Amino acid sequence: MSALSDLLQLADHQDPFRNAPENLRAVQLQAVQERFAQRRQQIRILDKRASEAAVKELNTLEDTVPLLFADAVYKSYPDSFIENGKWRHLTAWLQTLTTNRIDGLDYDKITDLDGWINELRRNGHYVMSSSGTSGKQSFIYQSGADREFGWRLLDQGIRWAASGMRDRSRHYPVYLLTPSSGSYTGTERMAKFGESIALPGDVHYMSDVPQSAAQTTRMARMRRAIADGSALPSEIEAFQKENRERTERVQADFRLFIDQLLDRRREPMFIMGMMGMLYQIVATARERGIPDADFHPDTIISIGGGKKGANLPEDFQQQCERFFNFNATNFNDGYGMGEVSGFCPWFHEAKAWTVPPWLVPVVLDSTGEQLLNPPDGKGIVEGRLAMIDLLADGRWGGVISGDKVTVEFGHGIDGVVTPIIRDVVRYKDLPGGDDKLSCAGTIDAYVRGEIADMTEARAAK
Amino acid sequence: LIDEAAINPDALQSIEKEQFMEQTETTATQSETSTQTSASAPLPVPHVYRGRMVTGDVIKHVSRDLGQGFCTPKIELDDLVWPRAEPGPAFDVPVEQIIDFLVELGPRLHLDANPLMQAALESMIQVSPLGRRILENCYRDIPNLFAREVIEDELRVSLGDPALVDGWAARTLRGRPSRLRAFPPRLVHILAGNSPMVAAMTVMRAALTKGVHLLKLPSNDLFTATAILRTMAEIDPNHPVTQSFSAAYWRGGDENVESILYRPQYFDKIVVWGGDSAVRHVMRYAGPGLELVAFDPKVSISLIGREAFSSDEVLREVARAGAADVLSFNQDACNASRYQFIEGDEDDADRYCAQLALALGQDYRYGDGQGPLVPSDIREAVDVLREMEPLYRVFGGYDGKGLVIRSEEMVDFHPICKTVNVVPVGSLRDGARHATVATQTVGIYPPHRVTEVRDALACAGVQRIVALGESISDGVGGYPHDGMFPIHRFMKWISEESGPNHQETR
């Protein structure tokens, strides 16, 4: 068997972290070689990048550095394709990053971005959209296999981290801190997993206001109209009003959701979403005089991503921890990114996230150019996180993130073979960048107000 | 390299000691703040308080662009303000004497003759990404800003009558007598460091106002302003102009300094050179009595007519002019062209792009043929666009020699590091529609066709229109800057309407 298939088999294992091969580093490098050889035949950009960097084969992990895509690549399409409805062009763009051939789309059926995504889905191409960190949404291609893995790995990771979940016969009232529709975002896999562990008819969503890619597009279009001066004041007013109303509807739904959840706190439940959202539950409970640790001890909480949020107190994480009494049986915190398969679940014994064996962590300097991984596979390094996702089927799995992390290799804690990630901060949240002054500006600096703020808020998610 | 080692930083300190020994404060050794320690010894950055140089290594910093460690003395807040109860040192000095002093200063700043400027240049190489060749060209051009004709034109055009800065000019409006004075202001200048000319231009204009001036140094130009002020002190440490300037570095946005200093009791206006974050920091303090004068961060473009295709020779020339406009300070300036709109079809545009990519690989006075490498976010985007020929076509590469992307519509990313987006248009007027409130300079070829677009451009927000290739040409000495006459904006315009006009001026 090849190194690649050895590692991929672990995706079906209950505990891929302790059952990864002892010589993980060597096996991963070999698997990366196999993947690269295959993908460079399928993705021309990767092949070109390799030729330019004079990389023929990957002898060391260092050789992969020029082949990693920045996460920006998944939003490198020109906005005008969407604004002007050039769906064929948008497909051509997606094709440049995709292993599978995309054709047979009925372009007459497509009227907006949601339509394009749905038409792709009808043809077996499951594009995932996310707002990313710059306000422009990314489109990440998933094949049918990628999509299938999406929810299987969610199940695997949560059950690995929270021991209370290991009894597969148990079913819960499920509360998901996500809108009920928006099927092509991460919501789909959360919903699918939620349904699989829920008591019949007992799945609840924070809001029924749909998350729509077209909505994001409308915002981008409005930003452009403001920047080029063509937006009328009444149009800006109408747009802001529509957004406020939308926000108010979401908030009203969310209040109902929280009330219901708090009323049922003596039942064992499953709650899943982002930490910032979870804190809203805690804050509401405090207003109602509900003390810490008042929930049923068998309630399971799984959170992920988005530690940042507007108007959160400094200690909101600690408050959540006390309120829900996080422990090794009831709690998972997932670290991941939309560009890679699965996520890194919380490893209670290490108080850190652990990286599954099919994700090869590549720690780089802040510029993303120098490899910092310890040469002997042991030790702690700090830097910009990149990953090579060996599982990714529809795209090249090498991607550089915007996160600054501390990764510990070869720690040997509690039999876990795979590396752990301790601290995560986004480079853009680090201080600096204030006094390197230049008179050169960008057009974006001239867009002010709610539209600009909305981008900020989305970026902070 | 030998020169560098010889002059910096030991030579810098020895020069300082020779000339300013009695004024140099004892340097403390403990470090108050330490962001990051760089491998080499931190560069000493002197402060200048009214002609008195102060050195020290109490506060350590790291420069933003090149990660160079540097150190400064502790900020003496009281030395950075001029009490309002007293007139500034130059308020009552006739402007003729100020001009004479500046004209004397000009040749003294000449790089070959001035060890302070030589040392500043060597230190600048450690903190500025522009590199020795461009920095040296700038330093050689600095004396030109102090030529008598330049100074006199700047003052006359800005104020109308230079006498207004010296005294109370009598006038009678609709039968009512009154006096008007352009009163010397108290200004903080938050300098930009993408070009050393910013510091020199600021000193020249600020001196002409006769006001008092605090210069906040940027981390990418820590040395030019203080070298000029110290040269002034060499001419005459007690001259009112020397006594009217102070310069210091603190981290931009440092509340410990800015929340104390930025008050109307100390200053009338804060003059800020670009930088979105710098403008936003200052906005917090601007309010009644403390006005913001912003040289806004801007974007520049080019409009190229179909005449460019009249022959291969002409096309090459036009591409060279187009490249010259891109290369202003390696495209890190507000007047650097980033988007070029060319009258023609895609094939025409491609022919121009090919020539432009070649021309970008050559040296210009303020731009390098071999510039900084294209950053990865642009590389990622362009790698993908490259795959979408013929919709897009990419010329040149990521190696710092020039990158050109031809597209039907403007690209989404912000072109930097010698990256140009060329968009074919039906007419120059179509191209002009892409100008916005963010646009500063527009270069036009052929120059005579400016009449087709200048009103539309000004209407959209453009501030300066030049012949293609001249965006970096002499724009100081009577020309408006960012849509205003800076000296006019700097002054406090005071009206005295108490009784009849007894004499022409008081």
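The legends below describe close-up views of a predicted model.

**Figure 1. Interface of chain A and chain B.** The size of an interface is often given as the accessible area lost when the parts come together. Here chain A and chain B bury about 3,700 Å² between them, and 53% of that area lies on carbon and sulfur atoms. Chain A contributes 40 residues to the contact and chain B contributes 51 residues. Nine residue pairs are in polar contact across the interface of chain A and chain B.

**Figure 2. Salt bridges between the chains, with Arg49(A) and Glu380(B) as one of the pairs.** Seven salt bridges are found across the interface of chain A and chain B. In one of them, Arg49(A) pairs with Glu380(B), and the closest N and O atoms are 3.2 Å apart. On the side of chain A that touches chain B, the elements giving two or more residues are α3 (44-52), β1 (69-70), α4 (79-83), α5 (87-95) and α9 (213-227). The largest share of this side comes from α3(A), with five residues.

**Figure 3. Buried residues of helix α5(A).** Trp87(A), Leu90(A), Thr91(A), Trp93(A), Leu94(A) and Gln95(A) are buried in this element. Within chain A, the buried residues of α5(A) pack against α4, α6 (113-122) and β3 (138-140). They also pack against α13 (376-386) of chain B.

**Figure 4. The largest nonpolar core, around Leu278(A).** This core has 135 residues. Those with the most contacts inside it are Trp116(A), Leu278(A), Phe324(A) and Ile421(A). Helix α11 (residues 275-287) of chain A gives the most to the core, with six residues. Leaving aside neighbours within four places in sequence, Leu278(A) is in contact with Leu177(A), Ile271(A), Ile301(A), Ile303(A), Cys320(A), Phe324(A) and Phe326(A).

**Figure 5. A second, separate core.** The second core has 77 residues. Among them are Phe146(B), Ala199(B), Leu222(B) and Leu229(B).

Figure 6. Arg338(B) belongs to strand β14 (residues 337-343) of chain B. The Arg338(B) side chain does reach two backbone oxygens: that of Pro415(B) at 2.8 Å and that of Ala333(B) at 3.2 Å.

Conventions. Residues are numbered from 1 along each chain as its sequence is written. Chains are lettered from A and ligands numbered from 1 in the order in which they are written. This is a predicted model: local features need pLDDT of at least 70, side-chain atom pairs count only at pLDDT 80 or more; totals for chains, interfaces and linings use all residues. Side-chain values use heavy atoms; hydrogens and water are left out. Helices (H or I, at least four residues) and strands (E, at least two) are DSSP runs, numbered from the N terminus. A polar contact is a pair of N or O atoms within 3.5 Å; within protein, one must be able to donate a hydrogen and the other to accept it, and residues adjacent in sequence count only if both atoms are side-chain atoms. A nonpolar core is a set of buried Ala, Val, Leu, Ile, Met, Phe, Trp, Tyr and Cys residues joined through side-chain atoms within 4.5 Å. Buried means under 20% relative accessible area, exposed over 50%, partly exposed in between (1.4 Å probe, protein chains only). Contact means heavy atoms within 4.5 Å. Buried area is the accessible area (1.4 Å probe) that two parts lose on being put together, summed over both. A salt bridge is a side-chain nitrogen of Lys or Arg within 4 Å of a carboxyl oxygen of Asp or Glu.
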